[in-house]
Amino acid sequence: MEAIFSSIGLRRFLHRPAGRAPKWSKETVNQDVLNASYAVRGPVLDLAMKMEERLRSGESLPFKEMIYCNIGNPQSLQQKPLTFVRQVLSLVTNPLLLEKHSDLFPSDAVARAQKYLGAHPMGAYSNSQGIKTVREEVAAFIGKRDQTFSPDPDAIFLINGASEGVRYGLQSLLRPRLAGYHDGVLVPIPQYPLYSALTTLLNGELVPYYLREEEGWTLEVGDLEEALKQARARGVTVRGLVVINPGNPTGQLLSRANMEKIIEFCVRENLVLMADEVYQTNIYVDDRGFLSFRKVAVDMGLPPDAGPEEQGMNEKHLQLVSFHSVSKGFMGECGLRGGYMELFGIPPGVKAQLYKLASISLCSNTIGQVVTGLMVHPPEEGSPSFPTYEGERTATLTSLRRRAQKLTAGLGNLEGVSVQPSTGAMYSFPRLSLPPAFHAEAVKQGTKADELYCIRLVEATGIVVVPGSGFGQVDGSWHFRTTFLPPEDKMDSVMERLGKFHKELLDAYRG
Amino acid sequence: MVAQPRVLNYDSLPDHVKHCEYAVRGELYRAATERVAAGKEVIFTNVGNPHGLGQKPITFIRQVFALVSAPFLLEHPDVHRIFPRDVIARAKAYMKAAPGGIGAYSDSKGLPIVRQEFADFLQRRDGFGSDIDNIFLTNGASEAVRLGLTAMLRGPQDGILVPIPQYPLYSAAIELLSGSMVGYYLHEESGWSLDFEELERAVRDAKRQGVRVRGMVFINPGNPTGQCLSRQDLEGLVKFAYKHKLVLMADEVYQDNIYQTVRPFVSARHVALSMGAPYAQGLELATFHTASKGVYGECGFRGGVMELLNFDERVADELYKLASINLSPNVPGQVILGLMVNGPRPGDESYAQYAREKQDLLDSLRRRARAITDAFNSCEGIVCQETEGAMYSFPKITLPPAAMAAAKAAGKSPDVFYCLKLLETTGISTVPGSGFKQRDGTFHFRTTILPPESKFQDIIQRFLAFHSAFMAEYKGSTGHGTGARARL
């Protein structure tokens, strides 16, 4: 009786002798897993965690505490959650509070909790795309933000952080190497290493396009075209383009003109545009607001509906997947794993498959879904919670802006360091010019120069950053990424310690 | 301008995405959702989703969670009036251990405090503890399963032994990872028992087909089948997996749903470690658990866990790396899992209510399992094994030839045909057996035992009426057996 199920079929692979499997060891782990790497949590962090252990056990080190600037994790660095969000969360999860002690909460928090609970009990699996009430809130938000019509709530998927949606998207785009495909995705360099890790894991080809550092990390369509041409010459079928706007780690904000050209490029070359827009509320300049790719597309007259599958794509049709998250902005609710992806120009047949992928894990966590709703639909002006909400929002954003400026200025003052302004997001990505003797030391130790720099930085100061090689950089250039999330009252001390370390390092290797 | 197909169109999707299926939310579920949209009643018995059918959460768990999500409540002067002392103490303990609160990414393996709670739970349950480094908290047990399979499957030449019938996460995940699912049939007539000769057969056939079997899944208590394994069964599994050099994957998410005393739950981990050398040190075992099932039913929180026993350290490192790509599992789910495995103890303020809530739920589930099994067995053409554990009933239906012909004419598999008719007539939404795989020529459907007791008898009556009428239509007789109707 046939009980072996495999869609790819086994005939091609008979050259590998079957027999007793070897033990599951590193050698026999799936190669794609071994190849994937995710630098945000790499060797520098491992060292930092060991040093933290040593501090905790009472050992005396040149510093009293670790300062984690390696990851955009605001609430671990004393940023407080929004009051309204946590009020609603406690009410939706503890019905007794709602029934007996609602007097402890503002009336709008109570009303919102009742609305969500009326739609869905927190402990139940929801619809695999997410609670409809929340998706309706997301759709309304998108329409309002973009000053256009709202998308269909059924074009929205609520997900465990934006990362999960990226995985579904790439999983559906990259066809298996085993079946003879050689699919790839255009990814910015430097990039947030989720994209490289997932592409590797899915056995796809990462096709890099380089952002222009000296021009403020801009994205030139000419560079995209060149990268695409080279990839095709190598036999790669490029299927998608990832754009991170505002950029991570680079912080730049794209102009409308730039975005129009990118969209035209995608339409012309048949690429799915994957718009990572999780930092859309982290913008630190006054003369520019956030423009979503969706907004630009709609303004260009591109339709959100894909129409029937059989209908071919005409000149003007964009396929776009946009991502947002509760982890960033001024909410910083990283641990709750909330976010959404919005489909634009994606045919129903594809959407059904994305739905199926989502359904295998049943649904994303309901707390994250509710918080996504609270993010897109905050207290409105005139409601009891509005003053507190608005106060918290402004305070956090202005503080982020101050810290961004302080960090950029401080880094720019260091010898041999050049840094582009952080227009948005939460990071700075300074470039290091290091003495030849330091490079020689790195080579000797079998480490990359930026990684060695970051290791020495942790050892000397307790400041934890991520080497630029984890994000990709032009060959021969060296960077590191730091967040500007440490609390304001620590920033001066951080800048001072960093400056001292940097000078001492340069002095030591000046030769 | 020549029209060209879209980049992302159905045809250009990877085959394994198109072919993988997850029937729990498949065709029947879609039909049911359409019914809801049309304003008609549907009773969702397609998925083990207790709170979705009115089950209430355990009070203690949600009280602690409310404080953890809104720490300012702890500062409120009235907090002691509203929350019991032990609830407040637990919330404070979590806040102390996670200074960033639930809004910060945790370690990619999960908060150390919760992992320690799980390790302590393993010590109490199995007599053998664990190190927190071997414990991964995940968004539901499903994510942990996916993590393990990702690292095991290099291509279709790698296979995983999976029971038939199975929970379709396994078939779907293996498909998506381009691996091979190697089915081993459970023996229905003896209560879906394990058959070691059948296991050997499965491995032999796989080898003959060029598939190297690397892992073996077993589900205890079974889903959809509901059987509980004996200690002897587990010893056999341990020996079998060790002999064939398989990673044993123990899906034990229903360990708290046990409705008989002949075969109480025994964990694979306990058995392997009790057997001594070479198994205790040599068998690679991954254990899965969750807050979604048991009597807690906190599905929406996605709180799962995996423990690795005897794994190569560098393999565990690679799994850690995989977990870190998604940064961290959701922290609320972690807290819920911690509260599940480390609840109030006798003497604590909340204990009496907590113990009573749990016991009441367990007793109710047991009664519902009994009622539904008896009801199915009273029907002509239906044979239903005991629901010894878990949350489901998986009766076998034998359809009259006329029904088989009608199904064929409708282009549906007979079990799908039956389930659609059941849905249309009664609003009861089930999952056809083909979604779980079954022996060729046999047909089943899965229902849960989760609808509330207050509605249960009514649902059973509706089903019995439907089945009678169905059999009458396709057989031309009254179609109902002489067995007594089930009573709660």
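**Close-up views of a predicted model**

**View 1. A salt bridge between R431(A) and E213(A).** The side chains of R431(A) and E213(A) form a salt bridge, with 3.7 Å from N to O. The structure shown here is a predicted model.

View 2. Domain 1 of chain A contributes 30 residues to the contact, and domain 2 of chain A contributes 33 residues. About 2500 Å² is buried between the two domains of chain A, and carbon and sulfur atoms give 56% of this area. On the side of domain 1 of chain A, the most area is lost to domain 2 by R401(A), Q420(A) and T423(A), which together account for 24% of what that side buries. Three salt bridges are found across this interface of chain A.

**View 3. Helix α14 of chain A, residues 386-412.** Buried residues of α14(A) include F386(A), Y389(A), L400(A), R403(A), A404(A) and L407(A). Among the elements that cover the buried residues of α14(A) are the strands β10 (417-418), β11 (427-428) and β15 (478-483) and the helix α17 (488-509) of chain A.

**View 4. An annotated span of chain B, residues 89-453.** An unreviewed UniProt entry lists these residues of chain B as "domain: Aminotransferase class I/classII large". The span in chain B is 43% helix and 16% strand, and its end C-alpha atoms lie 35 Å apart.

How values were computed:
Residues are numbered from 1 along each chain as its sequence is written. Chains are lettered from A and ligands numbered from 1 in the order in which they are written. This is a predicted model: local features need pLDDT of at least 70, side-chain atom pairs count only at pLDDT 80 or more; totals for chains, interfaces and linings use all residues. Side-chain values use heavy atoms; hydrogens and water are left out. Helices (H or I, at least four residues) and strands (E, at least two) are DSSP runs, numbered from the N terminus. The expected span of a helix is 1.5 Å times one less than its number of residues. Buried means under 20% relative accessible area, exposed over 50%, partly exposed in between (1.4 Å probe, protein chains only). Contact means heavy atoms within 4.5 Å. UniProt positions are given in the numbering used here, feature names are shortened, and annotations may be inferred rather than shown by experiment. Buried area is the accessible area (1.4 Å probe) that two parts lose on being put together, summed over both. A salt bridge is a side-chain nitrogen of Lys or Arg within 4 Å of a carboxyl oxygen of Asp or Glu.
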